[in-house]
Amino acid sequence: MKSKITLVLALAIGCASPVTLAANSQGTSITNPNPLFQQMEALQQDINTLQKQAELNRFEESIIDRKNDALRQSLAEQLKHTNQVDENKQLVTQQIHLLQSLLSANNQDLKRLSDTSKVASDTEKDAVQFAMQKRITAMDEYYADLSTTLSWAAELGIDISKAENQLEQDLQKRADFLYNSVLFLDSQLSDINDRLAYVPEEGKAALQEDGIRITGQINLLILSLESSIALLENYGVDTTEYKQLLFTVTGDISTDVLDFSVIIGLMKEWLGAFKDWAMEHTPSLIVKIFVFGVILWLSRSFAKIVGKAVRKSVSHSTMKFSVLMQDFFVSMAQKGVTALGLLIALSQLGIELGPLLTGFGVAGVIIGFALQDTLSNFASGMMILIYRPFDVGDLVKVAGISGTVSHMSLVSTTIRTVDNQRLVIPNNKIWGDTINNITAEKTRRVDMTFGIGYGDDIDQAKQVFSDILQQHPKVLKSPEPMIYVHTLNESSVDFIVRPWVRTEDYWDVYWEVTEEVKKQLDRNGISIPFPQRDVHVYQHDLSQNTTLDLVTQVASK
């Protein structure tokens with residue numbers, strides 16, 4: 001694997017031939033006193049010496065790079081501030097040949113490294129690979145410097161058409177090899193990732209090491225490709241295909257990717273990939289979707305059967321579950337079966353259930369913090385189900401509302417009021433307040449109060465009340481009704497009349513007894529007093545009041 005990768009790098013970077021300048025100045029003699037000429041000549045001699053070595057000395061090359069960088073800065077200043085055209089032409093021409101020599105030396109060394117990598121051991125390949133990385137970076141800088149130097153030559157009027165064409169061809173060839181190399185290494189990396197899924201644990205370490213090495217090589221090639229793209233764009237070369245590769249491999253969105261031609265190319269590539277995928281997977285996908293739908297249908301049908309079985313079981317249980325608890329067990333059983341069927345159906349589509357369930361767990365924690373009030377309702381609903389303070393059909397008074405319980409869930413309870421309004425109350429408001437279950441007991445006592453006048457016969461009135469209760473068919477004989485004088489009020493003597501009735505007969509007895517009491521008291525001449533107030537009117541002598549007013553007025557004057 002290492003030898004293949006190293007060979008690809010060598011071919012990708014070392015394929016370009018040095019550019020040639022149209023004007024040949026190899027035979028130019030240096031008689032100009034400008035020190036830049038002496039420096040240029042000295043650097044050229046150092047490079048010639050470096051090229052004769054069997055192995056390119058990186059230390060000596062780094063010295064040459066630093067000297068040449070300083071020389072290029074001085075040359076740029078001279079081009080900017082002096083008008084010595086002939087001298088500048090000679091310096092720029094020599095700088096071009098110097099850069100060509102550096103590129104040639106690096107090409108030779110890359111070929112040598114490629115030959116070395118073929119026979120090197122695994123441990124030695126790392127050192128060879130590091131050396132190649134240095135060569136790649138150096139050549140990127142040399143190509144950039146050469147492109148800049150050619151632009152200087154063009155400004156000075158030097159004929160560089162052949163040199164530019166050669167550089168453009170070399171950069172195009174270099175970009176093509178980099179493009180193909182990245183594709184090749186990316187496919188190798190994909191193969192390694194696929195093999196990691198089924199390779200034993202003891203073999204994964206070597207594959208992971210190869211994956212890290214290939215990733216580093218890809219990153220290196222991408223940097224070189226980006227440099228080549230930038231240079232090619234200066235010559236008007238279409239680099240859309242290369243930019244698409246950069247986005248596909250790295251996923252980085254840059255201003256280059258936002259170019260319209262790049263976007264169109266990416267869209268075409270994605271549509272083509274989708275078309276190929278659809279042609280290959282559509283038959284199996286249709287089968288999977290069909291199986292998915294069948295499993296969902298079966299799970300829902302089975303959930304209904306399970307729900308009926310659970311309802312039958314809990315309704316005949318000796319534990320006497322409330323209707324609310326029965327509905328809860330039935331609902332949980334049906335939803336559990338449906339959820340299990342959904343998971344099985346998703347697995348048939350190729351979805352990994354492990355990460356999915358893990359995601360549900362994380363989402364559950366987040367949702368739990370976001371829906372604290374809802375969870376409070378849920379907890380209150382569980383407490384209501386467990387302690388059963390009321391059941392469906394009970395007449396209750398909860399959260400200040402009276403009505404019949406028509407439905408309950410773990411979150412809320414639905415109350416239907418006596419005037420047929422449907423109110424949904426959160427369970428935490430019910431559990432956190434007083435719960436009055438009016439119909440929890442089979443019998444209730446009807447509390448009524450009646451008043452008679454102070455001049456009426458108490459025993460007679462008491463007998464009238466007793467006869468009314470005894471004759472009413474819905475008043476229970478046991479416990480016995482209570483009839484007593486309760487209060488001597490301001491204008492009446494008040495009796496309490498408290499018969500016992502069945503819970504469902506409460507209001508019928510209350511209304512019918514009240515009506516009968518009024519009729520019987522009228523028949524027996526017993527009055528029902530109402531509040532009275534005595535008003536005393538005093539008359540005064542108006543003449544005396546007039547005389548008193550006159551005296552008051554005189555005294556005030």
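Biologist: Which helix holds both Arg 213 and Asp 210?

Modeller: This is a predicted model, where local features need pLDDT of at least 70, side-chain atom pairs count only at pLDDT 80 or more, and totals for chains, interfaces and linings use all residues. Residues are numbered from 1 along each chain as its sequence is written, and side-chain values use heavy atoms, leaving out hydrogens and water. Helices are DSSP runs (H or I, at least four residues), numbered from the N terminus. Arg 213 and Asp 210 sit three residues apart, about one turn, in helix α7 (residues 201–234).

Biologist: What is the N to O distance in the salt bridge between Arg 213 and Asp 210?

Modeller: Side chains of opposite charge can pair when their charged atoms come close. A salt bridge puts a side-chain nitrogen of Lys or Arg within 4 Å of a carboxyl oxygen of Asp or Glu. For Arg 213 and Asp 210, the N to O distance is 3.0 Å.

Biologist: Does Arg 213 count as buried or exposed?

Modeller: Buried means under 20% relative accessible area, exposed over 50%, and partly exposed in between (1.4 Å probe, protein chains only). Asp 210, at 18%, counts as buried. At 10% relative accessibility, Arg 213 counts as buried.

Biologist: Nice! Which residues are linked in a network of salt bridges?

Modeller: The count of salt bridges comes to eleven. A network of them links Glu 209, Asp 210 and Arg 213.

Biologist: With which residue does Lys 474 form a salt bridge?

Modeller: Lys 474 is partly exposed, with a relative accessible area of 29%. The closest N and O atoms of the pair are 3.2 Å apart, and the partner of Lys 474 is Asp 508.

Key:
Helices (H or I, at least four residues) and strands (E, at least two) are DSSP runs, numbered from the N terminus.
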